[in-house]
There are 4 protein chains.
Amino acid sequence: MPLTAEQSQEVETLREERQPTRREVAPALEELLYQPIPLLDHGFIRVIDYMGTDSAIVQAARVSYGRGTRKVNEDAGLINYLMRHRHTTPFEMCEIKFHIKLPIFIARQWIRHRTANVNEYSGRYSIMDKEFYIPAAEQLAAQSQSNRQGRGDVLKGREAARVLEILRKDAAQAYAHYGEMLNEDMDGNILQKGKTGLARELARMNLSLNFYTQWYWKIDLHNLLHFLSLRADAHAQYEIRIYAEAMLDILKRWLPVTHAAFMDYRMGGVSLSAKGLAVIKRLIAGEKVTQEQSGMSKGEWRELMESLQPAGSG
Amino acid sequence: MPLTAEQSQEVETLREERQPTRREVAPALEELLYQPIPLLDHGFIRVIDYMGTDSAIVQAARVSYGRGTRKVNEDAGLINYLMRHRHTTPFEMCEIKFHIKLPIFIARQWIRHRTANVNEYSGRYSIMDKEFYIPAAEQLAAQSQSNRQGRGDVLKGREAARVLEILRKDAAQAYAHYGEMLNEDMDGNILQKGKTGLARELARMNLSLNFYTQWYWKIDLHNLLHFLSLRADAHAQYEIRIYAEAMLDILKRWLPVTHAAFMDYRMGGVSLSAKGLAVIKRLIAGEKVTQEQSGMSKGEWRELMESLQPAGSG
Amino acid sequence: MPLTAEQSQEVETLREERQPTRREVAPALEELLYQPIPLLDHGFIRVIDYMGTDSAIVQAARVSYGRGTRKVNEDAGLINYLMRHRHTTPFEMCEIKFHIKLPIFIARQWIRHRTANVNEYSGRYSIMDKEFYIPAAEQLAAQSQSNRQGRGDVLKGREAARVLEILRKDAAQAYAHYGEMLNEDMDGNILQKGKTGLARELARMNLSLNFYTQWYWKIDLHNLLHFLSLRADAHAQYEIRIYAEAMLDILKRWLPVTHAAFMDYRMGGVSLSAKGLAVIKRLIAGEKVTQEQSGMSKGEWRELMESLQPAGSG
Amino acid sequence: MPLTAEQSQEVETLREERQPTRREVAPALEELLYQPIPLLDHGFIRVIDYMGTDSAIVQAARVSYGRGTRKVNEDAGLINYLMRHRHTTPFEMCEIKFHIKLPIFIARQWIRHRTANVNEYSGRYSIMDKEFYIPAAEQLAAQSQSNRQGRGDVLKGREAARVLEILRKDAAQAYAHYGEMLNEDMDGNILQKGKTGLARELARMNLSLNFYTQWYWKIDLHNLLHFLSLRADAHAQYEIRIYAEAMLDILKRWLPVTHAAFMDYRMGGVSLSAKGLAVIKRLIAGEKVTQEQSGMSKGEWRELMESLQPAGSG
């Protein structure tokens with residue numbers, strides 16, 4: 001359970017309050033508000049606030065005085081059109097704010113997406129929690145042989161056990177030493193009289209990258225979709241992908257029409273190069289084409305052929 | 001009146017709806033929601049949506065599980081501290097969306113603030129409204145003698161009358177010719193059979209820079225404050241300053257604590273250079289200091305002396 | 001000729017100087033440096049400065065201590081790989097700065113690309129030039145019937161002549177009245193004694209959107225490519241597209257490998273939705289597919305079929 | 001020595017080449033180009049490329065056809081004016097690119113500055129170096145008593161020795177276990193036959209936050225100055241401040257006029273609130289003012305009084 005009893009109580013208190021508003025409301029997302037969705041062994045994602053619904057996109061695209069919406073299918077048609085033609089500005093008119101707890105090595109990938117607002121828990125100011133990520137056994141994968149950035153087969157037996165032992169022991173030791181250097185525990189109690197204690201901004205450097213951090217992260221819809229297209233992708237590292245997948249579920253509750261368009265045009269779609277398009281035209285015309293004839297590199301050819309496999313065989 | 005009857009009806013319809021939400025609500029801002037605030041002769045600003053209240057800043061600064069707020073004066077103290085020390089990230093956690101109608105030459109200044117989301121009415125796609133800005137008589141100012149970017153005395157008599165005549169006639173003529181080139185009126189009716197009509201994306205080039213445009217504009221609080229510090233300043237052009245001043249009133253309703261801190265630390269404050277600070281230390285010590293001794297340029301010295309004038313004499 | 005004799009002389013003076021540098025140099029771009037490339041009737045684009053060559057992309061992708069390059073074909077393979085997989089950060093490591101003169105209605109489209117640095121000639125501070133855009137006869141197009149944002153057939157005969165007459169006369173009159181209101185000519189001479197003259201920041205509102213403005217515009221390569229993918233596209237307005245096309249030529253001189261990859265993967269490529277990909281798999285398998293079976297809208301189906309037309313018939 | 005012999009050789013090769021360019025050249029910066037400046041125990045900063053000199057700021061501010069510069073003192077006056085009035089866009093016209101090696105916990109602070117281009121060494125793709133930061137004895141500071149984010153007195157004797165022992169042993173052990181889990185050494189040699197080896201993207205999580213990473217970091221001058229105003233400040237953490245101070249030296253070589261203006265208006269300057277300004281006016285008028293009368297909080301009052309101390313006593 002990622003939250004303490006006190007934290008859970010704070011969340012419950014927030015969830016009980018309801019106030020009237022003239023703003024657009026997304027009822028299916030309201031159900032989820034403030035509630036942590038557990039991820040990995042100690043992480044979570046919580047929706048803290050949001051602005052807009054599907055109709056806010058339509059309203060902005062039409063620079064409307066009222067809601068801007070017409071018939072449901074006209075609105076969906078407009079959202080599809082905007083998504084297909086990459087008219088991105090109306091999607092910037094929705095905004096969402098999350099509270100996220102995640103391992104530091106994942107936070108370091110995440111922060112590379114610059115067009116977002118971030119407020120992170122400060123290890124200069126506060127004492128870090130004793131929580132670190134230990135992968136589940138089925139996630140202990142070997143280095144991929146074909147992709148220098150990916151994972152291959154799952155480790156087994158003694159090798160797997162040894163990895164888990166290292167990760168657990170080293171993190172526990174790093175945290176024990178962190179407290180010893182601070183001369184303070186998580187509640188701010190002095191551990192040993194007569195000692196001074198190292199500054200927090202220094203002591204934290206002994207923690208390993210699997211320790212959890214947390215932040216408030218706020219982003220507009222256009223940039224969220226860009227984040228999801230990269231991080232919910234099959235090539236993303238598992239530990240960030242499951243956050244992205246949880247956000248896809250949140251997106252579906254928040255903006256069902258946009259979610260459907262996004263799944264069709266981005267997540268399920270594919271980009272063809274000029275050479276790739278030329279190959280496809282020839283294949284449709286019934287010609288045989290080989291990699292050598294295509295002008296494509298071997299890697300690019302393989303990727304194209306994979307994307308053209310019948311759905312069942314992928 | 002900047003809105004048509006139909007547009008006013010759309011606004012009223014929006015204002016009548018109220019739905020329950022678990023999100024933070026700013027009641028004083030809700031009162032204003034969707035309502036156009038008239039500015040200049042045909043412009044307006046309307047708040048369309050917002051995210052967060054003063055407590056959202058506190059909540060993010062504390063990376064809190066609940067509302068994050070404590071006693072009212074502790075929260076205000078924290079907001080003051082963050083403002084004073086330019087800890088800007090918590091202020092990015094609030095967001096506001098406006099619908100704004102404004103003259104094109106002002107829109108061109110406005111858009112220079114890049115960190116915002118914008119959806120503008122498209123003159124490629126739609127026919128522009130017949131609305132152009134004519135300054136009020138007391139705004140017909142001469143070029144400033146002391147400041148190459150500012151205004152001086154107000155024009156009078158025949159010269160003022162002639163300026164107004166030029167602006168009115170030229171804009172009316174530009175619009176009449178715009179319609180003639182389009183061969184279409186604002187409702188899309190063909191004006192003259194047998195003519196083809198020029199493409200909208202071309203015809204619009206005949207309109208002058210005082211024609212009104214409109215857009216949806218969404219921005220986070222930190223960047224809004226930066227915009228206001230530049231555009232609500234006495235040196236800003238009058239026609240953009242009155243929009244900024246209207247936004248200051250909106251800010252006061254939305255986030256009263258932040259508004260107060262902003263007025264104290266930014267709008268009413270002043271930046272001293274190292275040389276300026278050295279002068280002030282000597283003045284406090286009772287020394288006489290001249291511009292020549294200060295190492296400052298004449299312009300800088302004059303600005304410093306102006307900022308130190310007794311409040312009553314400014 | 002877009003430059004005065006004095007301006008041409010300034011350009012020549014710059015072009016004559018050469019200094020040694022340890023930085024990477026792109027010789028084919030150096031040839032062009034500072035030289036205005038004329039566009040439209042009074043516009044131009046000039047390269048003022050640049051940072052990096054193709055090898056800077058490779059160097060950053062490899063976080064290298066030296067040049068980072070290996071064999072020419074390995075480097076090209078890496079750039080192709082980065083472009084294909086949208087690894088965008090190495091492309092941000094090159095930068096280019098332009099001086100551009102362009103009509104205001106085009107500047108308003110252009111500035112929507114926010115991730116760039118801009119310094120525009122100020123109409124608050126300076127007097128605007130007497131230069132306005134009049135389209136060439138073959139650009140006087142009607143509104144498109146199929147695309148609400150596009151152009152259709154070219155206007156002819158009396159209608160075309162009348163459009164040109166309106167545009168010329170209205171712009172000339174707007175400028176004459178601008179000078180009259182300023183009571184000043186372009187060289188700052190007072191026109192009529194005893195008159196005060198309207199402030200520049202006000203008088204400029206009488207100018208129409210086809211007047212030229214100019215700016216320094218600096219952008220990193222990744223964002224430049226994004227700009228070009230939208231503005232060198234066949235659907236972009238002609239008056240911005242020719243600037244984008246000139247920049248494609250500049251890109252080819254500056255970064256030939258990146259230019260080739262960009263033409264293949266972006267300009268000549270196409271994005272398929274999940275539905276579009278499913279249709280293509282069925283077409284390759286020799287099935288007949290209709291729009292109704294595809295689940296696609298009519299517009300989307302038409303766009304897909306157009307992209308699959310044999311190269312010769314497009 | 002932070003570089004291997006091979007890396008040093010690569011740097012030397014780059015430094016030996018010189019080519020002619022028409023671009024602006026900053027000779028004092030050229031001397032430094034590519035050369036690593038050692039920082040902390042294993043870190044460095046190297047200038048890889050730059051765009052512009054002081055005159056590029058002047059040129060853009062004047063939207064000039066030539067170099068844009070006039071007399072040296074006029075140019076300096078303009079740069080001072082732009083800095084004083086926060087006309088930031090001309091400063092965006094210069095750009096600089098660094099290669100930086102720094103501890104991960106500092107990289108995490110650094111990356112919070114979003115308006116920059118970054119290419120980081122990838123621990124998913126490559127094996128991390130065995131280099132970690134151990135503070136010098138005089139940097140082993142206690143937590144500050146007055147400032148929850150700062151450092152206090154230096155640790156001594158056994159406590160200091162124990163901290164260094166912990167940091168060294170834990171980091172060495174973390175790295176040894178990292179290699180064991182990878183089943184690979186830094187040169188990619190398999191350590192033990194029959195074992196599979198954990199994926200790099202997972203094994204790296206065992207490394208602690210004092211391990212070094214490296215990146216290419218490119219930023220425009222305006223955003224660099226903002227970074228420096230925060231990170232070269234006395235309140236910044238020592239381990240990032242010394243990078244900022246090295247960059248101030250680089251700035252002085254690159255853009256001496258801008259550097260001087262920045263030191264006067266930003267680094268040596270101070271911001272006064274409306275309340276602070278009112279206090280100063282009263283002090284200059286010879287009145288006594290107390291914190292209670294000032295309307296300021298105790299913290300704010302203390303900060304104001306500190307900034308007004310005679311230079312000698314600070």
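In which sense do strands β2(D) and β3(D) pair, and over how many bridges? This is a predicted model. In it, β2 (residues 37–39) of chain D pairs with β3(D) in the antiparallel sense, over 3 bridges.

**Around β3 of chain D**

The hairpin of β2(D) and β3(D) has 3 residues between the strands. There, Leu40(D) takes a positive phi near 55 degrees. Leu39(D) has Gly43(D) in β3(D) as its bridge partner.

β3(D) also pairs with β4 (residues 95–103) of chain D. These two strands run antiparallel and are joined by 7 bridges. Across this pairing, Arg46(D) stands opposite His99(D) in β4(D).

How enclosed is β3(D)? Strand β3 covers residues 43–51 of chain D, and 9 of the 9 are buried, so the strand is largely enclosed by the rest of the structure.

**Where chains A and B meet**

Chain B gives 43 residues to the contact, and chain A gives 43 residues. On the side of chain B that touches chain A, the elements giving two or more residues include α1 (5–16), α3 (54–61) and β8 (212–220) of chain B. α1(B) gives the most, with 6 residues. By class, that side of chain B has 18 nonpolar, 10 polar and 15 charged residues.

A strand pairing also links the two chains. β1 (residues 19–21) of chain A runs antiparallel to β1(B). Pro20(A) has Pro20(B) as its bridge partner there.

**Strand pairings compared**

| Strands | Sense | Bridges |
|---|---|---|
| β2(D) and β3(D) | antiparallel | 3 bridges |
| β3(D) and β4(D) | antiparallel | 7 bridges |
| β1(A) and β1(B) | antiparallel | 3 bridges |

Methods:
Residues are numbered from 1 along each chain as its sequence is written. Chains are lettered from A and ligands numbered from 1 in the order in which they are written. This is a predicted model: local features need pLDDT of at least 70, side-chain atom pairs count only at pLDDT 80 or more; totals for chains, interfaces and linings use all residues. Two residues are in contact if their C-beta atoms, placed from the backbone, lie within 7 Å. Helices (H or I, at least four residues) and strands (E, at least two) are DSSP runs, numbered from the N terminus. Ala, Val, Leu, Ile, Met, Phe, Trp, Tyr, Cys and Pro count as nonpolar, Asp, Glu, Lys and Arg as charged, and the others, Gly among them, as polar. Two strands pair if DSSP finds at least two bridges between them. A residue is buried if 20 or more other C-beta atoms lie within 10 Å of its own, exposed if 12 or fewer, and partly exposed in between; C-beta atoms are placed from the backbone.
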